[in-house]
Amino acid sequence: MSTALAPQTTAAFRAAWRDLAPVGRATAGGYQRLAWTPDDLTLREWFAAQVVARGLDLVEDRAGNQWAWWGNPDADGPGVVTGSHLDSVPGGGAFDGPLGVVSALAAVDELRARGIRPARPLGVVCFTEEEGGRFGVACAGSRMLTGVLTPQRALGLRDTGGTSLADALRSAGRDPEGLAPDPQTLARVGSFVELHVEQGRSLVHTGDPVGVGRAIWPHGRWRVDLHGRGDHAGTTPLADRSDPMLALASLVQEVRLAALEAGALATVGKVVVEPNGVNAIPSLVRAWLDVRAADEAPVRQVLDRLRGYTPVEESWTGPTVLDADLSDTVAAALTGTGLTPPTLSTGAGHDAGILAAAGVPTTMLFVRNPTGVSHDPAEDADEADCLVGVGALTAALTRLVGERSA
């Protein structure tokens, strides 16, 4: 077997990118595809149309994630699942998430082009709110599916405009009361392979178009509330001010120093200021802190270093070792195509990590990113590497689903 694709598969892959390219374009560049917005609903409709066009069975779980099935996972499962997400961070790139969804659909096309009839059900999933770009909790769809994120907490989450997830669901024509964990859906997933653009340059350095995942670093998000006293910017002497922006400046510096000392990665990347007026001293600053490291201890060391602050944990994913047997099986399938994929650990969070923590055998495939940049419009992947990725995913799925005898 090789990674070369049938012409119709390549054509469908390119058509999918053309479809997605205009959806959610941000005025400053990149994409603004936030959960349960009109652009997100357009993406959900696009996925549903792609599924129907391929004759797959479309199901939406109680957490709002979309699933397409080739075969019956209830009767013949559990099945093999692949896929990713379509939402983005604010101003994000084109590949983070969509590459995995488009490649999954293309792999289905390629299996059919090769005349393969899977012996096990094959699923394609599109997770909702993976980035947490609107409501702040990363991998919200998979966390709700597995029960890590409770409906009570999820429905109360608010975006920066004050809209709750419950209100956003109502605006999208959904019933918030239906939001719930879905163990029945989770039980249909026998194994999960998520293809993703690499968020770094490891594959650039090794010279490989694709790699196989081994682990996901522990990572979390914390909110820090900095209180002050609002007042007039033009009449209040500096000595009389209680300005939380000064506390924010100190926090950013301390986070940086703590990360350097601990050997971690830490970022203050989101800030909300109240009342956010040019001529008003703020009364409140909310800052969000993202901390990651190869092990949990450095993450906790960063938080312990922030004395005088009270970080509130909003999400946490512990160290995640992807399934070694599944990763080895996928690597062997790729080797059979002539590839020699390196194994990678990643500091980026993924729905694959949430499913792995829930006990689902999980691994990942990464496609080379020549810039190494992610969560930014400069995120990139060459089409040739993407098509190798589709071929690699097809080879992996062929090995995992088997082939039904004629």
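**Loops, helix packing and buried residues**

Student: Where is the place of P275?
Tutor: P275 sits in the loop between β9 (265-274) and β10 (280-281); strands here are DSSP E runs of at least two residues and helices are H or I runs of at least four, both numbered from the N terminus. This is a predicted model, in which local features need pLDDT of at least 70 and side-chain atom pairs count only at pLDDT 80 or more, while totals for chains, interfaces and linings use all residues. Residues are numbered from 1 along each chain as its sequence is written, and side-chain values use heavy atoms, with hydrogens and water left out.

Student: Is the peptide bond from E274 to P275 cis or trans?
Tutor: The bond from E274 to P275 is cis, with omega near 5 degrees. A cis bond also joins G77 to P78, with omega near 0 degrees, and P78 belongs to the loop between α3 (73-76) and β3.

Student: What about phi of N276?
Tutor: N276, which is found in the loop between β9 and β10, has a positive phi near 65 degrees although this residue is not a glycine. N276 is exposed at 59% relative accessible area, where exposed means over 50%, buried under 20% and partly exposed in between, with a 1.4 Å probe and protein chains only.

Student: And E129, buried or exposed?
Tutor: E129 is buried, with a relative accessible area of 5%. E129 is another non-glycine residue with a positive phi, of about 50 degrees, and is placed in the loop between β4 (122-127) and α5 (140-146).

Student: Switching to helices, at what angle do α1 and α4 pack?
Tutor: Helix α1 (residues 7-20) packs on helix α4 (residues 98-113) at about 155 degrees, with the axes 9 Å apart; the axes are lines fitted to C-alpha atoms over the stretch in contact, and angles run from 0 to 180 degrees between N-to-C directions. That makes α1 roughly antiparallel to α4, since angles over 145 degrees count as roughly antiparallel, under 35 as roughly parallel, 65 to 115 as roughly perpendicular and the rest as oblique.

Student: Which residues of α1 and α4 meet?
Tutor: From α1 the residues are Q8, T9, A12, F13, A16, W17 and L20, and from α4 they are P98, L99, V102, S103, A106, D109, E110 and A113, with contact meaning heavy atoms within 4.5 Å. Ten of the residues in the contact of α1 with α4 are nonpolar, three polar and two charged, where Ala, Val, Leu, Ile, Met, Phe, Trp, Tyr, Cys and Pro count as nonpolar, Asp, Glu, Lys and Arg as charged, and the others, Gly among them, as polar.

Student: How many aromatic pairs does the structure hold?
Tutor: There are five aromatic pairs, a pair being rings of Phe, Tyr or Trp (its six-membered ring) with centres within 6.5 Å, called stacked if the planes are under 30 degrees apart, edge-to-face if over 60 and tilted otherwise. One of them joins W17 and F95, whose ring centres are 5.2 Å apart and whose planes are at 50 degrees, so this pair is tilted. W17 belongs to α1 and F95 to the loop between β3 (79-85) and α4, so the pair ties together parts 78 residues apart in sequence.

Student: Are W17 and F95 buried or exposed?
Tutor: W17 is buried at 18% relative accessible area, and F95 is buried at 12%. Ring pairs link W17 and F95 with F13 into a cluster.

Student: What does C386 touch?
Tutor: Leaving out residues up to four places away in sequence, C386 touches F13, F95, L99, V367 and A381. C386 itself lies in helix α14 (residues 383-401) and is buried, with a relative accessible area of 2%.

Student: Last one, where does H350 lie?
Tutor: H350 is in the loop between β14 (343-346) and α13 (351-357), and at 2% relative accessibility H350 counts as buried. Apart from neighbours within four places in sequence, H350 is in contact with E130, C139, E194, H196, Q199, I216, M364 and F366.
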